[in-house]
Amino acid sequence: MPVISSEGVAADLSLVEVLRWSEKLSSLFCPTPGEGVALVEYLLGICFAAGVFPSSSEEWRAWVAEEQSLEGAVAWLADQPADQWDLFHPKHPLGQNSRLWPQFDEDCTGPAQLVIERAGDYCQFFDHHHLEHSAPLPAAEAFRAMLTQHVYGLSGRARLSGKRLGPKLTNLSAGRLQGRIRVVVQGRTVGDTLRLNLYPPAGGEAGHFNRSWTTGGNPRREFTTKPPGRPTSGPADLHSCLGRSVLLRPVPADEGEPVFVDRVLIGAGELISLDPDRDLEDAVLGKKALNGHRKPLWPSPTRALWRDAHALYSAATTETTGLFGRLRDLWLREFAFPEGGDGPPCTLQAVGLIADKTLAATWTEGRFPYAPSMGEALCEASRDGSVIADHLARALERAAYVAWKVMYPNPKPADRAAQMARFDARREFWPAAEEPFLRLLSVTAGGADVPAALRDYAGEVRSNAEDFLRQRLDALPRNEQGLIARSRAEERFRADMADVKAPAALRKETQ
């Protein structure tokens with residue numbers, strides 16, 4: 001696993017070393033947010049399997065405050081039989097399904113299929129020629145990509161035959177975290193992060209750890225028909241679930257030389273039935289699905305994740321169970337971190353995968369500072385900060401509409417969107433609003449007065465909005481029609497700032 005030490009030095013450490021030195025490592029260092037989440041999931045699974053977890057919420061608070069040692073997980077992992085953790089074992093390769101061997105040579109592809117961001121579209125009609133490229137992938141990268149597939153793999157059609165193991169081998173189900181936002185509480189060290197995200201399991205049972213498809217003692221699904229999802233046996237099972245049947249082939253390497261993977265095969269994996277009260281510890285439940293049940297926060301292709309920060313802070317101040325319920329009861333005086341540390345005690349890292357049906361589009365990520373004693377203040381700041389940004393965006397849209405009405409008095413309906421886009425400054429406004437918003441949260445977590453911080457934030461984002469609107473209106477012709485359009489658009493914007501329904505911080509800035 002790639003890590004960053006407390007001194008800022010990057011290194012690649014084994015699983016045992018990451019746990020052993022977790023108090024001296026500031027974070028994992030991954031190329032994508034999804035891979036980082038997958039590695040945290042795996043480390044949590046190891047801790048649960050080793051019996052290193054709190055038995056109650058009270059014990060969890062003591063673990064966090066007193067920096068409970070993770071040495072038990074180190075000892076457990078170091079004592080494990082080496083062949084059970086062998087990525088290329090012929091019978092039970094780590095995290096894989098050796099039952100794919102009989103059809104491997106016939107159906108395998110290049111290692112690009114393993115990497116979610118490089119795999120392309122799972123649709124069978126998509127151009128897949130890039131998967132024939134056999135450029136080898138370092139074994140460590142292949143291992144991390146495999147863990148990411150287990151957690152975030154997209155639904156679709158597998159690129160292999162189901163004649164041997166059954167036709168349902170080709171039906172890829174969406175990964176456990178695909179389609180929702182996963183929240184990881186990041187501490188100042190890897191050890192802090194693991195303690196903050198461990199939790200007392202229901203019934204006190206950790207469950208089994210999934211080393212490979214052919215080990216672990218639990219019956220695996222067959223592929224002749226699609227079975228119902230099985231309930232997890234506990235958090236060790238949940239965090240190590242094999243969401244894909246994967247098989248990796250190593251390139252022969254000389255003694256002491258790094259090992260690479262040149263061919264892979266991927267098919268359907270485990271189907272699990274998630275219990276909302278047991279298996280969604282971190283889920284931010286709020287929005288309702290069509291059946292009226294609360295649905296976890298999900299990634300949006302049109303709405304940046306920072307705009308939903310209030311949902312996280314609201315959960316941390318209102319929920320009584322799960323991750324946010326425990327955070328709610330964790331006060332700053334109990335949060336024993338090394339003296340002299342900069343920044344808030346922890347960060348709420350929210351990660352989601354945005355996909356266009358069977359094609360991975362992009363990762364969405366938000367990092368929001370959190371101090372338990374400042375929960376209410378952060379909730380207020382994030383809520384009002386979002387309201388201010390939304391009001392400014394609507395004002396920009398209305399100003400663009402006014403300019404459009406003047407410049408195009410008799411438009412064709414089909415041309416309206418393109419014509420409006422000429423004057424609409426929201427495209428520039430939203431990306432530019434993120435940094436001031438995060439700065440607002442940071443100063444609030446540090447104890448700043450919320451109304452004063454909101455006024456500063458409102459002044460900055462309003463100034464940005466005015467600049468972006470001015471730049472859009474600069475494209476207007478310097479004739480009478482253009483001057484009227486500009487004047488009316490600016491007047492519309494100022495009126496929205498002074499409107500009685502405008503956020504108080506914006507009205508005060510206007511005054």
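In this briefing, Ala, Val, Leu, Ile, Met, Phe, Trp, Tyr, Cys and Pro count as nonpolar, Asp, Glu, Lys and Arg as charged, and the others, Gly among them, as polar. The model is predicted: local features need pLDDT of at least 70 and side-chain atom pairs count only at pLDDT 80 or more, while totals for chains, interfaces and linings use all residues. Residues are numbered from 1 along each chain as its sequence is written, and side-chain values use heavy atoms, with hydrogens and water left out.

**Largest pocket**

- The largest pocket holds about 530 Å³ of space (a pocket, on a 1 Å grid over the protein atoms alone, is an open set of points where a 1.4 Å probe fits, with protein on both sides within 12 Å along at least five of seven lines; lining residues have an atom within 4 Å of a point).
- Its volume is the space filled by probe spheres set on the grid points, which are joined across faces, edges and corners.
- Of the 21 residues lining the largest pocket, Met1, Ser14, Leu15, Ala140 and Phe143 lie nearest its centre.
- That lining divides into 16 nonpolar, two polar and three charged residues.
- Helices H1 (15–20), H4 (71–78) and H7 (139–152) each supply at least two residues of the lining (helices are DSSP runs of H or I, at least four residues, numbered from the N terminus).
- H7 gives the most to this lining, with four residues.

**Second largest pocket**

- The second largest pocket has a volume of about 420 Å³.
- It is lined by 20 residues, and Ala174, Gly175, Arg176, Gln178 and Leu274 are the closest to its centre.
- Its lining has eight nonpolar, six polar and six charged residues.

**H12 with H16**

- The axes of H12 (residues 375–407) and H16 (residues 480–498) come within 8 Å and cross at roughly 155° (axes are lines fitted to C-alpha atoms over the stretch in contact, and angles run from 0 to 180 degrees between N-to-C directions).
- That makes H12 roughly antiparallel to H16 (angles over 145 degrees).
- The residues in contact (heavy atoms within 4.5 Å) include His391, Leu392 and Arg398 of H12 and Gln481, Arg488 and Asp496 of H16.
- By class, this contact has 13 nonpolar, three polar and four charged residues.

**H15 with H16**

- H15 (residues 450–473) packs with H16 at an angle of about 165°, their axes 11 Å apart.
- H15 and H16 are therefore roughly antiparallel to each other.
- Arg462, Glu466 and Arg470 of H15 are among the residues making the contact, as are Arg486 and Glu490 of H16.
- The contact of H15 with H16 has six nonpolar, no polar and five charged residues.

Note on methods
Angles under 35 degrees count as roughly parallel, over 145 as roughly antiparallel, 65 to 115 as roughly perpendicular and the rest as oblique.
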